Amino acid sequence: MSEISRRNFLKNTAIGAVGVASISLLGGCADNKENKKDTKVTHNPVRTEKCDLVVVGSGTAGLCTAVRAAELGASVILLEKMPAIGGTSALTEGIGALNSYMNKNMGEGGKPFDLNEALQRSMEYAHWSADSIVFRRFIRESGKTIDWLHFDCGVEFLSADPCAPTSYPSWHLGMVNGEFAYTGQAVHKPLIKYGKKHGLKIRISNPATGLIVENGTVKGVYVQDKDKNQEYAIKAKNVVLATGGYSNNKEMFKRFTYMDSDPICNYGLPEGRDGDGIKWAEELDAALHLPGTVMYGYPQVVGYKPFGGGVPFLFSMQPILRVNERGERFINENYAGDFTVTCNAMRLQQRVFSMLDQSLLDYFHDKEIMVGFENEGANTGEPFPEAYKVVEQGIKKGQIHKCNTVEQLAKVIGCDVKTLQETLDKYNNACATGKDVEFGAPASILHPMKTAPFYVAELQLAMYTTVGGLRVDEYLRVITNKGKPIQGLFALGNDTGMIYGPDYDVSILSGAQQGWCATGGRLVAEYVMGK
């Protein structure tokens, strides 16, 4: 099977959770490389350059900052440590915004959306632990960002979608030649072209190695030129950190989230997101805002490295029975599409298993699947003729276990047979009565586990990126622990998550993270240029 379409899945899932800053499900779940311990760095630049603004990181946040500043007349240098532009942002799908040119008349009665209502809903989701002042400015400016990307930068948008019944149609999907395209193609390419037209300088394989600080004010950055194997300095009036968070830094991940990253499937790029910006700012006494906030992803099937394909589609994304290492049910399976809820619940278990019986497999194969699979031509309410083949291949590869008895099923899970049988009895009773008295799952997704053989797969936590980090004000200035802005220093995107509480919101503002990146970048550029 090829790549799963998250767009179709999210629209049709029972919960209808939002794939807000959705990462393209490419790449595997290989372990991250060990990060070297931090040591005191001595800088010996061989030359010094000057510009108005230096931006560290070329994802959506960095690109929007650099391009908008160049458009306004600034001399800008955009640095990227990797050999390609865009980072993990290039693999995302949509940019969140409200009241853009595409959806201005999509609100109630053909009016623009009530942004105060959107603010209240989002803040309530976060229990007001997001920064309301920062969020208010973001949401009020977000539609203007889409308009700027389209009318000024030449970005074409296919649609503005609600990825869930509970979400606004805020997920602006890019397109190329009239068809959907990921952000790297649909957004980044025209941005780069437009930026270069205005004199933007982009340097790949040129990682920043630290901040230049004079009397508490950030005056630029040190840079390693890999082509010349030498370090140089860039003096600038302002520095923007858009380094992509810390999801590939094991030590920082453990420090902020209290979890080991090794068992977590990381859907983003395997290199480059090392927490550089956060580390440098902390050295200047920068404050943090809920740094442990993670954008989880759909749980992965253990042993299944590439994400795309039928095994995770059946055993992770379908709302089927899940139990923990004790053989106990622990969640309303209707939340299968809400990766924040699902992974939060999984964190409290030692191991998690997803299962179905032969009758449900037959149902998927012959009658209908519960959620869609657009790229493979399978839609909600239609048969999934690949179901048998998918399971057979999963068994051969050891990703799925086939069990003829409950005893065999318990052995695979490693739990007590009696406990598992009690779980199945309660679940099957809920299926028979249509009333789930334990967790409240709707009757529409309840299918009994009675007909052998049984099929079971183990699931593991997965994440797209980290979204917690530095504390910033409404102008994206990095704030110290004393509440004062660090002069000359700004932070964007995954380096700061001021619009979130401890959980990534996947149910209200579709595309929020990429929207935060794009709008934040535009606003920083306008602020430093006095617009």
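The model is a predicted one, in which local features need pLDDT of at least 70 and side-chain atom pairs count only at pLDDT 80 or more, while totals for chains, interfaces and linings use all residues. Residues are numbered from 1 along each chain as its sequence is written, and side-chain values use heavy atoms, with hydrogens and water left out.

**Helices α3 and α4**

Select residues 115-125, helix α3, together with residues 132-152, helix α4, whose axes come within 10 Å and cross at roughly 135°. Helices here are DSSP runs of H or I with at least four residues, strands are runs of E with at least two, and both are numbered from the N terminus. The axes are lines fitted to C-alpha atoms, for helices over the stretch in contact, and angles run from 0 to 180 degrees between N-to-C directions. The two helices α3 and α4 are therefore oblique to each other, given that angles under 35 degrees count as roughly parallel, over 145 as roughly antiparallel, 65 to 115 as roughly perpendicular and the rest as oblique.

To see the contact (heavy atoms within 4.5 Å), show Leu115, Asn116, Ala118, Leu119, Ser122 and Met123 of α3 with Ser132, Phe135, Arg136, Ile139 and Arg140 of α4. The residues in this contact of α3 with α4 divide into 6 nonpolar, 3 polar and 2 charged, where Ala, Val, Leu, Ile, Met, Phe, Trp, Tyr, Cys and Pro count as nonpolar, Asp, Glu, Lys and Arg as charged, and the others, Gly among them, as polar.

**Helices α8 and α11**

Next select helix α8 (residues 310-317) and helix α11 (residues 387-396), whose axes come within 9 Å and cross at roughly 95°, which makes α8 roughly perpendicular to α11. Here the contact is made by Gly310, Val311, Leu314 and Phe315 of α8 and by Ala387, Val390, Val391 and Gly394 of α11. The residues of the contact of α8 with α11 comprise 6 nonpolar, 2 polar and no charged.

Move to residues 462-466, strand β19, where 5 of the 5 residues are buried, so the strand is largely enclosed by the rest of the structure. Buried means under 20% relative accessible area, exposed over 50%, and partly exposed in between, with a 1.4 Å probe and protein chains only. Strands pair if DSSP finds at least two bridges between them; strand β11 (residues 265-266) runs parallel to β19 and is joined to it by 2 bridges, with asparagine 266 opposite methionine 463. Strand β13 (residues 294-296) pairs with β19 in the antiparallel sense over 3 bridges, and valine 294 has threonine 466 as its bridge partner there.

**Leucine 241**

Select leucine 241 in strand β10 (residues 230-241), which is buried with a relative accessible area of 0%. Its C-alpha lies 5.5 Å from that of glycine 277, although leucine 241 and glycine 277 are 36 residues apart in sequence. Leaving out residues up to four places away in sequence, leucine 241 touches several others, including Val56, Trp280, Leu470 and Phe490.

**Backbone stops**

Most residues other than glycine have a negative phi, and most peptide bonds are trans. Asparagine 177, in the loop between β5 (171-176) and β6 (179-180), has a positive phi of about 55° and is exposed, with a relative accessible area of 79%. Asparagine 215, in the loop between β8 (208-214) and β9 (217-225), also has a positive phi of about 55°, and is exposed at 82%. Finish at the peptide bond from alanine 452 to proline 453, which is cis with omega near 5°; proline 453 is placed in the loop between α13 (417-433) and β18 (454-460).
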